[in-house]
Structure formats: C-alpha cells, structure tokens
Amino acid sequence: MVKTKLNAPSRREALLAAAAAVCAPRAGAAPGALPTVKLGPHTVSRLIVGGNPVSGNSHTSDGLGREMREYFTAPNVMKLLRECEQAGINTWQSRGDKRIQEFLNQHRLEGGRLQWIAQTASELPDIPSHIRQLASVKPVGIYHHGSQTDRFWAARKIEQAREMCKVMRDTGVQVGLGTHIPEVIDYVESKAWDVDFYMTCVYNISRPKEEQEKLAGGKVVGQLFWHPDREKMLARVRQTSKPCLIFKVYGASRNCGSAEQMLEAVRLAARYAKPTDAIVIGMFPKHTEQVNQNCRLVMQALGETAAT
C-alpha cells in the first residue's frame, strides 16, 4: 500500500501533476461545451464529477484518504463544485450521508445548480427510510451502493437490492443499481429489474482476497485493480439498453502515470460507451488543476469515437 505523508504529494500525485503540466489548458481557457445525455427527464453532462475524493475514499492508501478528507473542507468543496459548473459539468455523484448533504445544501444556498445523483449509505441501519430521506433532497437519481450490491451477490441475497430499488421507484426518482461485478448486470438484465440506469465500475474490486492474489500471482496489499476487468464490464455497458454511468476509469489514479495514459483510459471507456452513457470521474485538485483537464480528455475521447 502506498504510504503518503500529509501535506506532501504521493508518487502517484506527482505523476498526475506532471501529466497535468503536459496537457493543462492556458490560464482562463474554457474546455468547450460538454455533450449531454438524458437520464429520464433530466439532462446530464457526459462527464459527471464523482464524490469519492470528497469523502476521503481514495482506493489507493490510508494516507491519501486522510489527505483528501483534510483538504475537502466546506470552502474547498464549494470551490470544486463551482469550477465544475463553470466548466460545463452539471451533475455531482456522491454518497448520501449527512456530511455530503450539508455540502449540497450549501452549494444550493450559494446559487449552485449542480444536479445530484445520490448513492445509498450502506452503513445506515434503515435503508428504506434513508432512501425516502434522500428523495426529499431532490436528487435526479438514487442508486444502490455498488459494494453493498456486490456483498448481496456474494451472499446469494441479490434480491434484497431489488427490494431497495422498489423503494426508490416509489419516491419518483430515477432508479439506479451500482456494481463492480459484470455478472450482476447479466443477472439483473435477465430478470428485467425495474431500474433506469447502472453505475458500472470498470474494475472488479469486490473479489475475495484469495481470488485477488491468485490473479496477481502473489500477495495483494489493498485492492487489486486488474486491467483485464475493464473490457468485461464495458462489454455489459455496450450490451444493455439502459444508460450506464462508467466509473473508476483511472483506476483510482493507477492510470495517471502520464497524460497519454490518462487519455487512453478515457478512450477505452468512450469506445464502448453508448451515446446514452456518461463517465464519472472523482477529482482532487489540491496539487494540480483537474476539472478543465478532465473535461478536455473526455471531450477528446468522445469526439474521436464519434468520428469513427
């Protein structure tokens, strides 16, 4: 696991800063108009800002997670959301916990107009009541937390996730299901669940440790991000008629070694994405500008795909 000193960039962050220097826009330069897709009646930008960094979920190291949590004070969260809105991103995807809802409320009070896609907070004891409370905050959609979906799948209790989706449907929001496991999509599609969209992770980080180490050929510290997973999940993205919000394209910074590596990661998702799909990218702009950079990378990758 990478050890990160507080207030000092990790090796991955240093690489990310170098990549940003290669392809950063001129000061004040706008990335242009992001394309959009429909999520039910809502118009959503094809780049959505993700919430993991704001919650300190780095999927890289405990040190980086602490640094993210310390950086994302309310003023820095407001700054990130404003910059996203100015760049043409119109939707934020994040956990539906109390802290995030407070940030969302502050953003709205300050005149922000980002739409919100809420993830269920699986640690709460009463998820149906939690879903109804989330709906009262007026998100455009709610989705069942992918890690909890995967735990239900492993325990052969996947129908419990379906019951939570029914609660979402009763609230009138767009209904989503998150997962890191391609076979979950196969199952849900075969059973014709009443969902409107999927949150599809391109890396299966829900494998048991023994399976991870068998694939890696040795001890795995932290989580295994296995590159062959990507096209397996992206094949499901292409096959389903439902909109998919594709996430972890950078492998939680593992694909940020250079500007070209970042672009290739986005290109891979764009090649499989349907015209109705979007890409979710979490951003941590402490050490380098990331909002305009990600807008440009996504626009370039989608533009290349449209031209082929």
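Colleague: Hi! Is Cys244 buried or exposed?
Modeller: Cys244 counts as buried because its relative accessibility is 1%. Buried means under 20% relative accessible area, exposed means over 50%, and partly exposed is in between, using a 1.4 Å probe and protein chains only.

Colleague: What should I know about the model itself?
Modeller: It is a predicted model, where local features need pLDDT of at least 70, side-chain atom pairs count only at pLDDT 80 or more, and totals for chains, interfaces and linings use all residues. Residues are numbered from 1 along each chain as its sequence is written, and side-chain values use heavy atoms, with hydrogens and water left out.

Colleague: Back to cysteines, what about Cys256?
Modeller: Cys256 is buried too, with a relative accessible area of 4%.

Colleague: New topic: helices! How do H5 and H7 cross?
Modeller: The axes of H5 (residues 127–136) and H7 (residues 159–171) come within 9 Å and cross at roughly 30°. That makes H5 roughly parallel to H7. Angles under 35 degrees count as roughly parallel, over 145 as roughly antiparallel, 65 to 115 as roughly perpendicular and the rest as oblique.

Colleague: What about H3 and H12?
Modeller: Helix H3 (residues 74–87) and helix H12 (residues 291–307) have axes that come within 9 Å and cross at roughly 35°. Leu80, Glu83, Cys84 and Ala87 in H3 meet Val291, Asn292 and Cys295 in H12.

Colleague: Last one: where is Arg156, and what is its phi?
Modeller: Arg156 is in the loop between helix H6 (146–154) and H7. Its phi is positive, about 60°, although Arg156 is not a glycine. Arg156 counts as exposed, at 81% relative accessibility.

Colleague: And Ser253?
Modeller: Ser253 also has a positive phi, near 85°, and is a residue other than glycine. Ser253 lies in the loop between strand E9 (244–247) and helix H11 (259–272), and it counts as buried at 19% relative accessibility.

Notes. Axes fitted to C-alpha atoms, helices over the stretch in contact; angles between N-to-C directions. Helix = DSSP H or I, 4+ residues; strand = E, 2+ residues; numbered from the N terminus. Contact = heavy atoms within 4.5 Å.
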